[in-house]
Amino acid sequence: MTKKRIAVIGAGVSGLSSIKCCLEEGLEPVCFETTDDIGGLWRFQENPEEGRASIYKSVIINTSKEMMCFSDYPIPDYFPNFMHNCQIMEYYRMYAKEFDLLKYIRFKTTVCSVKKRPDFPTSGQWDIVTESNGKQEVNVFDGVMVCTGHHTNAYMPLECFPGIEKFKGQYFHSRDYKNPQGFTGKRVIVIGIGNSGGDLAVEISQTAKQVFLSTRRGAWILNRVGDNGYPFDVVFNSRFRNLIAQFLSLSAKNSFMEKKMNTRFDHEMYGLKPMHRTKDLAFKK
């Protein structure tokens, strides 16, 4: 019986694991990757690449290696609990080599279109147009796995900042940030208190004259390291805690979590306490 051909779009972490899953299910995967390497989001480049997510040089993942590793390929013991992006890339390369995945990837190949075939209701097949070295090619696949991620395009709502067109300073998205050297002696405002906003505010403060971190409604700040120095996500996502959570009200869960985070620093004293509760951060339902 002919193996079903599956198109995997993107050779990042999801693409690599999808290739392996296809092989385990007796399918024939063909992965299309626009760039010349694996890694997707986690492959650092000095200059942002069109159509690919971009990270800054100092990025360290906020998920512990115990919680982020592939279940069938643990991260080596000598790697740190929270890995720098270059170590994450090293791990992905080890994974790809261990399971011989690279031979299924077509690098420098862009997927131009994915369309259902005219007989799709009966065949379930797709026409996929790809381009490589200026030449287009059409192939038929029995299935498609889209592994392109969701951090590719920068969101810059400039219409929300009246007068921005008159601003004489420099402004850009964190996607274009690489290191703090360009901010020496400057006054900087970082808008947004997500992971990137917090990282950039701290890092830029080492060179800038003054840094402001702007947040619309405050935030509950979680630390990577939990009780007794263990990774927070390992300590927090235990069977015991999940069992207890089944018997607590949502209000009790919120109160427990908020007290835990305020132990590290008082959110209200620093003007960070938001109006909203921790909600799903408190316990998994």
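A residue is called buried under 20% relative accessible area, exposed over 50% and partly exposed in between (1.4 Å probe, protein chains only). The model is predicted: local features need pLDDT of at least 70, side-chain atom pairs count only at pLDDT 80 or more, and totals for chains, interfaces and linings use all residues. Residues are numbered from 1 along each chain as its sequence is written, and side-chain values use heavy atoms, with hydrogens and water left out.

Aromatic contacts were examined next. Rings of Phe, Tyr and Trp (its six-membered ring) pair if their centres lie within 6.5 Å; planes under 30 degrees apart count as stacked, over 60 as edge-to-face and the rest as tilted. By this rule there are 16 aromatic pairs. Tyr56 and Tyr177 are edge-to-face, because their planes meet at 70° with ring centres 5.8 Å apart. Tyr56 lies in the loop between E2 and helix H2 (65-68) and Tyr177 in the loop between E7 and strand E8 (187-191), so the pair ties together parts 121 residues apart in sequence. Helices (H or I, at least four residues) and strands (E, at least two) are DSSP runs, numbered from the N terminus. Tyr56 is buried at 7% relative accessibility. Tyr177 is buried too, at 1%.

Tyr95 is buried at 2%, whereas Phe99 is partly exposed at 27%.
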